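Thanks for coming, everyone. Let me put the structure up, and then I'll walk you through it.

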Amino acid sequence: MPDIIQLLPDNIANQIAAGEVIQRPASAVKELLENAVDAGATEIKLIVNDAGKALIQVIDNGKGMSETDARMSFERHATSKIKNIDDLFHIKTMGFRGEALASIAAVSQVELKSKKAEDITGTCIEIDNSVVRKQEAVAMQQGTSIAMKNLFFNVPARRNFLKSNPSELRHIIDEFIRVSMSFPEIFFSLTSNGQQVFHLESGSLKQRIIQILGNNYSAKLVSVQEQSDYMNIYGFVGKPETTKKTRGDQYFFVNNRFIKSAYLNHAVMGAFDEMIARDSFPMYTLFIDLDPSQIDINVHPTKQEIKFEDEKIVYAFVKSAVKHALAQFSIAPTLDFELDPSIQQLDSISKPFTEEKKSSAASSSLYNTFSQKNQAHFIENKSGLKHWKDFYEPAEKSTPVVTNLTFEHSNDELLANNPEPGFVSLRSLTSEPLMVIEHLTQLHNTYIIVQNDTGFLVIQQQNAHERILYERFIKAVDGKPIAIQQNLFPITLELTAMDMVILTELLPELHFLGYHLEPFGNNTFVIQGTPADVGQGNEKLAIEKMLEQYKHFSADLKYTKREKLFRSLAWQQAIKGGTPLTQKEMKTLVEGLFACNMPNITPNGKPTYTAFKKNELDKMFGR
Ligand code: ADP
Ligand code: MG
């Protein structure tokens, strides 16, 4: 029998190893940006085409590489950053394994240009499938440019695995944000298909946060800053009124490296505690610095997870630092820490929260919005659509008014079309066809009572409206587009780069739903028209809220893009509980609900109404 074991050829071994480092365009972006930062650049430009599938290029003005280093840098385990195993525990740079460039060269066509300040000419190297094709001298400025083309051209299985361009671009933007957020002193730009998405001038951390996350955070950031012998923390948290439905705007950096930590997130959430509603997420960008020997960043290959030598101290420190920061801006709940004695001595904890501070905080605008926030309806009413009544006007003109509604569909038909869970049991509550929809009663500005021939129904107005809108949207994209009313004065909508990408993705569907939006460059859209039957006046807010909700759903893989959009818009446009309705409005709502294919539940499966039987009532009263 011949021997059967063979060594894999280098390029195959590299391709396999590359899989761990470069999973998608965004992973290459991260590695290249980090290399540029490590090289001491003050200006870093990222250029991508086709969401990085066709081209990813990073140009920096860092220290550059010599001719030999340029060539060496593509060898596996070639690094200038560690020399022995001890270094691993004191590492301060972003990269250190010496795998990134080797991996990139294994799965794409690379062109590297680099020049050191002291050299007269630079070096240009072309590599294809780990093989050097060309090396020559070039005239260039100090710094490095690495362009990688046709990612995974030689690993079709991986290439096919990539997601759509918008989705890969979102991953790239995520990585870009994580790196640029932690180095506000460096200029960064991102250009995608020739369009500049980010242009971040160097500045303070605060400026950088606002540049990236949007102007609405300006004047809404609370500075966090505590120092101790063991660790330091600094950064910003958003004031409680800026919380969102998604955890998107939350960043932790340890020694300037972005990390994900459910544990530390819990510490921050704990500090916000009662100040924010459940299921809402405050913005935070926090930097923790501590002795590298106190952490093990080597636990995960993509280095986003981290192990602290002493987690409990870090947790307590983060929590008390954020709590202290918030306390200075609002009436914080009494400082009741049950902490490690070493933490108790920290300034943040031992410093008294004086009466003076309390009263100045009470008069601050934050405190005011804050206490209003607790009155849910106050906010709801303000943000709901003012002219929601207009919603039904067109519908009413075309549908004859019927007092005795009958269900259009048989139960079987409904079941076949709508295999949603919980449907059968809810459905069985409602076999009463006849309703009296004169003299409707609204209770608590939220529930509508409708008498039918076997008892009565209690309808939850917001849930009912969500169902109506949702079915309308489905019909709209099925060929009954919702009429657009052109705005007399087009409204501009300025978005963050991330929202810009999401909205661009949704444009075609939004058009069917009555929104006419046009990109206007510079992260701006112009709202040219809105659904004819949605009141005018807060188009901007409506779209911002819709995006927010869309992102909230986007973790949910079970929904398609359309489905998410429909649900988001229905949620956003639905008339909220707590809104008083006129007879006519209630009537239209009830009629609209029972004209739906599936009147009994919201798109998310909440009941829209509950039926009560008269004979049950009779029994209760001994009749
Ligand atoms: P690592 O960053 O882990 O050391 P890489 O494969 O990313 O490994 O890079 C290999 C080496 O190439 C680095 O250690 C560095 O010396 C050099 N290098 C990479 N990118 C640059 C750059 N943009 N400017 C200067 N040197 C670079
Ligand atoms: Mg590197």
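**The eight-stranded sheet**

Let's start with an open sheet of eight strands, in the order β5-β4-β3-β6-β2-β1-β7-β8, with mixed pairing. Two strands pair here if DSSP finds at least two bridges between them. Strands are DSSP runs of E, at least two residues, and helices are runs of H or I, at least four residues; both are numbered from the N terminus. The edges are β5 (131–138) and β8 (195–200), and each of these pairs on one side only. From one strand to the next, the twist averages 10 degrees.

Before I go on, the ground rules. This is a predicted model, where local features need pLDDT of at least 70 and side-chain atom pairs count only at pLDDT 80 or more, while totals for chains, interfaces and linings use all residues. Residues are numbered from 1 along each chain as its sequence is written, chains are lettered from A and ligands numbered from 1 in the order in which they are written, and side-chain values use heavy atoms, with hydrogens and water left out.

Back to the sheet. Look at β1 (residues 43–49) and β7 (residues 187–192). They pair in the parallel sense, over six bridges. V48 has S192 in β7 as its bridge partner.

Now the helix over it. Helix α2 (residues 25–38) lies across β1, β2 (55–60), β6 (143–149) and β7. Its angle to β2 is about 10 degrees. Contact means heavy atoms within 4.5 Å. Axes are lines fitted to C-alpha atoms, for helices over the stretch in contact, and angles run from 0 to 180 degrees between N-to-C directions.

**The loop between β4 and β5**

Which residues sit in this loop? N129 does, between β4 (122–128) and β5. S130 is in the loop too. Most residues other than glycine have a negative phi. N129 has a positive phi, near 55 degrees. For S130, phi is also positive, at about 70 degrees.

What does the N129 side chain touch? It makes a polar contact with the side chain of Q15, at 3.2 Å. A polar contact is a pair of N or O atoms within 3.5 Å; within protein, one must be able to donate a hydrogen and the other to accept it, and residues adjacent in sequence count only if both atoms are side-chain atoms. Setting aside neighbours within four places in sequence, the contacts of N129 also include N11, A105, A106, S108, F153 and N154.

**The ligand**

How many residues surround ligand 1? The count is 18, and the closest are N35, T79, S80, K81 and G98. To be in that shell, a residue needs a heavy atom within 4 Å of the ligand. The shell splits into six nonpolar, eight polar and four charged residues. Ala, Val, Leu, Ile, Met, Phe, Trp, Tyr, Cys and Pro count as nonpolar, Asp, Glu, Lys and Arg as charged, and the others, Gly among them, as polar.

A polar side-chain atom of T79 is 2.5 Å away from one. A backbone N or O atom of A100 is at 3.2 Å. For L101, a polar backbone atom is at 2.9 Å. Taken alone, ligand 1 exposes 530 Å², and the protein buries 92% of that. Those areas come from the Shrake-Rupley method with a 1.4 Å probe.

**The four-stranded sheet**

There is also an open antiparallel sheet of four strands, ordered β16-β17-β18-β22. Its edge strands are β16 (435–443) and β22 (609–613). Here the twist averages 25 degrees from one strand to the next. β17 (residues 447–452) and β18 (residues 455–460) pair antiparallel over six bridges, and Q451 has F456 as its partner in β18.

Last item: helix α18 (residues 461–477) lies across β16, β17 and β18, at about 75 degrees to β18.
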